[in-house]
Amino acid sequence: MKRLYRQLLCGSFTLLFGLGCLPFSFLFIPALLLFPKALRREIVIQSVHLTWYVFTKSMIAGRAFKADLNRLLPLHDLRGAIVIANHPTFLDIMLLITAMPRATSIVKGSLGRNFFIRKVVEAGFIVNTGDPQAQLDQVSGFLKAGFNLIVFPEGTRTRFKEPYEPKLSRGFAHIALETGAPVIPVRIACDPVFLGKERRWHDAQTTTPRYSFSVLPPLRFTAFPGENRHRQAVRLTADAKQSLFPK
């Protein structure tokens, strides 16, 4: 019975999320075209934060999962920082943005073509177009404006099939080295795994999934004399891997 309840609950929230994006995308976003671009971006990002905050609290109240969001309070007042995290479940980005009023993320190009959320993504997120320089310029603009960048260096959700050796992309490191933005690691755990890489929304467990979070100290980085940018990025990525996946 608990499994069936959670399946129905997760299905209902999934449907509600998709339907809720329609008026946001096709009524709210077009109305904002009357505002200057910077103000429009601010309104969209704040609106996504508030919407996802309500959605997250509703899922917790419905016992779709448990999460101690107070553990993410150190992220609330960040400005111009890069937050990196491991990526065990589909809801990680929603939970982090729930805790961060001024946050955006780099999303894959397919989301920029998704009918339900395309306009939201274009207005408040950074779409990966495959052009590193254009993406770096866009990210730099967000960081200078005081927004935070959320990055999942694994590039996709964590695979829990053994053995698993995480391979982190160095993109966040190049951004940090170019902009001087601090890098804040966040460890996310979910037990049992909920909406993981090998799971669908209907693969509900009888036990309520519980999220836990650890906001770690900013990564400390010192450039060595004569060291090129590539080598610096490699070392910074190695430090990030050690923080997010300690052995």
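1. A pocket, on a 1 Å grid over the protein atoms alone, is an open set of points where a 1.4 Å probe fits, with protein on both sides within 12 Å along at least five of seven lines; lining residues have an atom within 4 Å of a point. The second largest pocket is lined by I29, P30, L33, K37, R40, R41, K119, E122, A123, F125, Q138 and F142. Two or more lining residues come from each of α1 (2-31), α2 (37-61), α4 (118-124) and α5 (132-144). Helices (H or I, at least four residues) and strands (E, at least two) are DSSP runs, numbered from the N terminus.

2. This is a predicted model: local features need pLDDT of at least 70, side-chain atom pairs count only at pLDDT 80 or more, and totals for chains, interfaces and linings use all residues. Residues are numbered from 1 along each chain as its sequence is written, and side-chain values use heavy atoms, with hydrogens and water left out.

3. The volume of the second largest pocket is about 310 Å³. That volume is the space filled by probe spheres set on the points, with grid points joined across faces, edges and corners.

4. The protein chain has seven helices and seven strands. Read from the N terminus, the order is α-α-β-β-α-β-α-β-α-β-α-β-β-α.

5. The seven strands form an open sheet with mixed pairing, in the order β1-β7-β6-β2-β5-β3-β4. Two strands pair if DSSP finds at least two bridges between them. β1 (66-67) and β4 (126-127) are the edge strands, each pairing on one side only.

6. Look at β5 next. Three bridges join β5 to β2 (residues 82-85), in parallel; I84 has V151 of β5 as its bridge partner. Three bridges also link β5 to β3 (residues 103-107), again parallel. There, T104 stands opposite L149. β3 also pairs with β4, parallel, over two bridges, and I106 partners I126 in β4.

7. Which way do the β5 residues point? N148 and I150 point one way, L149 and V151 the other, and all are buried. Buried means under 20% relative accessible area (1.4 Å probe, protein chains only). In a regular strand, side chains alternate between the two faces of the sheet.

8. Across the protein chain, buried residues make up 47% of the 247 residues.

Conventions. Buried means under 20% relative accessible area, exposed over 50%, partly exposed in between (1.4 Å probe, protein chains only).
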